[in-house]
Amino acid sequence: MMALAAFGDPQRYGTQIRKLVRLGDDGEVRIDHPWGSADSSTPLLLGGRAWTADNVAEQPDHERADLAAAVQEVFAESIVHIARHLQRLTRASTLVFSGGCALNSHLNGQLAADSGFDTLFVAPAPHDAGTAVGAALYGWHYQLGQERLPVPTDAAWGPHPGALPTTAVPTGYRALTDLGPALAPTVATLLAEHHIVGWVQGQLEFGPRALGHRSILAHPGHAATRDRLNAIKKRAAYRPFAPAVLAEHATEWYMSAGDPS
């Protein structure tokens, strides 16, 4: 939804979607019956069409993008509504946000700007597993009275990569190992020539996002690179990619580049 929304016009279906969602006092969010039910198969009537989970892929791409944009906008308004209530309730300066919704980076930007908190912290694994870790840490410290564990400085909590067997390299690929100091310039040359590189270093990262230890690297200079990457990952053409920028050049590319630490 987040990726497709970037290509749509939220105004087209915004009024209709907004009517389905009620923002009440005390941070309450209600979705009109029957659409608020997880197992509801009731069609949503929009633009003269009956939309369902089963037929959404059959709808024109531009209309799907418009619906995604409207839902994204109303979704973000709802989360910000809850966050503002929490800030009024707690007067806290920092909001810690986790769970699957925290994987929506566009929402996170709106939370940072509009929630009323001075600081927004999104853990490296903002999905169900990351939330479980938070619950375990809460139980360890607040319920069992144990000392706080050290604050992690990164998400590299997994094992180091083992030796790569020759049989594991697919046809059309080659492994670059044991290059020592020559590894970085070799990879830079490959990227400049628009090759795609699978990058493995250090311990495995915790969470559903590649953060530099298990990543696919590619030069963004050719539009065809996007199509090649999406074909490799077997995903929709509108899905975005994360830019990698040297820290000293971050402000040239990011509107809100802060302290990278």
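Modeller: Happy to! A contact here means heavy atoms within 4.5 Å. On that basis, residues 24 or more positions apart account for 59% of the contacts in the chain with a separation of 6 or more. Please keep in mind that this is a predicted model.

Biologist: Good to know. What does the chain contain in terms of helices and strands, and what does the C-alpha trace span?

Modeller: The chain has eight helices and eight strands. Its C-alpha trace spans about 60 × 55 × 40 Å along the principal axes. Of the 261 residues, 25% are buried, and the accessible surface is about 17,800 Å², with 57% of that belonging to carbon and sulfur atoms.

Biologist: Now the rings. How many aromatic pairs does a search of the whole structure find, and what makes Y13 and W51 edge-to-face?

Modeller: The search finds three aromatic pairs. For Y13 and W51, the ring centres are 6.3 Å apart, and the limit for a pair is 6.5 Å. Their planes stand at 75°; over 60 degrees counts as edge-to-face, so that is the name this pair gets.

Biologist: Why do you say that the pair ties together separate parts of the sequence?

Modeller: Because Y13 lies in helix 2 (residues 11-20) and W51 in strand 4 (residues 49-51), parts that are 38 residues apart in sequence.

Biologist: And how do you know whether Y13 and W51 are buried or exposed?

Modeller: The cut-off for buried is under 20% relative accessible area. Y13 has 2% and W51 has 5%, so Y13 is buried and W51 is buried.

Biologist: Why is the pair of W157 and F206 called stacked?

Modeller: Its centres are 5.0 Å apart, with 10° between the planes, and planes under 30 degrees apart count as stacked. W157 sits in the loop between helix 5 (128-143) and helix 6 (183-192), while F206 is in the loop between strand 7 (197-200) and strand 8 (214-217), 49 residues apart.

Biologist: What makes W157 and F206 "partly exposed"?

Modeller: That label covers values between 20% and 50%. W157 has a relative accessible area of 44% and F206 has 24%, so W157 is partly exposed and F206 is partly exposed.

Biologist: What makes the buried residues of helix 4 line one face?

Modeller: In helix 4 (residues 105-114), L107, N108 and L111 are buried. Their arc is 100°, so they line one face. They pack against helix 3, strand 5 (94-97) and strand 6 (119-122). After helix 4 comes G116, with a positive phi near 95°.

How values were computed. Residues numbered from 1 in each chain as written. Predicted model: local features only at pLDDT ≥ 70, side-chain atom pairs only at ≥ 80, totals over all residues. Heavy atoms only, no water. Phe/Tyr/Trp six-rings, centres within 6.5 Å; stacked < 30°, edge-to-face > 60°. Helix = DSSP H or I, 4+ residues; strand = E, 2+ residues; numbered from the N terminus. Buried < 20%, exposed > 50% of the residue type's maximum accessible area, 1.4 Å probe, protein only. Areas by Shrake-Rupley, 256 points an atom, 1.4 Å probe, with all protein chains shown as cover. Arc of directions from axis to C-beta.
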